[in-house]
Amino acid sequence: MKHNTITLLLKVFEYIALIAPTAAYAIYSYVTTLQHTMSTSSKGCFWTLIAVAIIVGVVYAIFRKHYDRYVQGYVQQKTDLETNPANELLIKKVAEKKAIIENVDYIVILIPVLIAMTVVAAFQTAIEQLLVLLSIVAGSLVAKVGLHLVCIRVQKKYMLKAIADKKKEE
């Protein structure tokens, strides 16, 4: 659909409605609440927990990639064992990998739980502000969708008007 001045202006308002309330509340919350109620050590603890969660997330992603390759090797060896069941070395390797994989599967589940616990611990004292922030994000998304619908309606109106004007000229 073609844009005109009004629809371009509505597009700008869409993104302002999406970003501005959330950013404004985040700044307000930091300046009025966190800055005055959190001690220097608790701010350091908060950012340390967030940093640890990010680092563990990155390490987990790398680990998961290597672990998936290890599992693929296990599956291949297990398939080879089905075609060659008398191979002693292959039996030992498959048993070894099976013991590792069946236990590491639970560790793979444990790591995201620990990351979530770390993030929740970091936000433990700021849950109320976080809920308000999430409410503002939801409201911003609703406002963006509403403005986008208005923008599409205006585009349609002007495009149909242009066609009708062209028909009148003929």
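These exercises work through the salt bridges of a predicted model.

**Exercise 1. Count the salt bridges found in the whole structure.**

Solution. A search of the whole structure gives three. Take them in turn. Lys-144 pairs with Glu-14. Asp-68 pairs with Arg-64. Glu-102 pairs with Lys-98.

**Exercise 2. List what Glu-14 contacts, leaving aside its neighbours within four places in sequence.**

Solution. Begin with the residue itself. Glu-14 belongs to helix α1. Then read off the partners. Glu-14 is in contact with Lys-144, Leu-147, His-148 and Cys-151. One of these, Lys-144, is also the salt-bridge partner of Glu-14.

**Exercise 3. Find the helix that holds Asp-68 and Arg-64, and give their spacing.**

Solution. First, the bridge. The side chains of Asp-68 and Arg-64 meet at 3.4 Å, N to O. Second, the helix. Both residues lie in helix α2, residues 40-83. Third, the spacing. Asp-68 and Arg-64 are four residues apart, about one turn of the helix.

Last, the accessibility. Partly exposed covers the range between the buried cut-off, under 20%, and the exposed cut-off, over 50%. Asp-68 has a relative accessible area of 34%, so Asp-68 is partly exposed. Arg-64 has 32%, so Arg-64 is partly exposed as well.

**Exercise 4. Describe the salt bridge of Glu-102 and Lys-98: distance, helix and accessibility.**

Solution. Take the distance. The N to O value for Glu-102 and Lys-98 is 4.0 Å. A salt bridge requires the nitrogen within 4 Å of the oxygen. Take the helix. Glu-102 and Lys-98 both lie in helix α3, residues 88-122. Four residues, about one turn of the helix, separate Glu-102 from Lys-98.

Finish with accessibility. Glu-102 is partly exposed, at 44% relative accessible area. Lys-98 also counts as partly exposed, at 38%.

Note on methods:
Residues are numbered from 1 along each chain as its sequence is written. This is a predicted model: local features need pLDDT of at least 70, side-chain atom pairs count only at pLDDT 80 or more; totals for chains, interfaces and linings use all residues. Side-chain values use heavy atoms; hydrogens and water are left out. Helices (H or I, at least four residues) and strands (E, at least two) are DSSP runs, numbered from the N terminus. Buried means under 20% relative accessible area, exposed over 50%, partly exposed in between (1.4 Å probe, protein chains only). Contact means heavy atoms within 4.5 Å.
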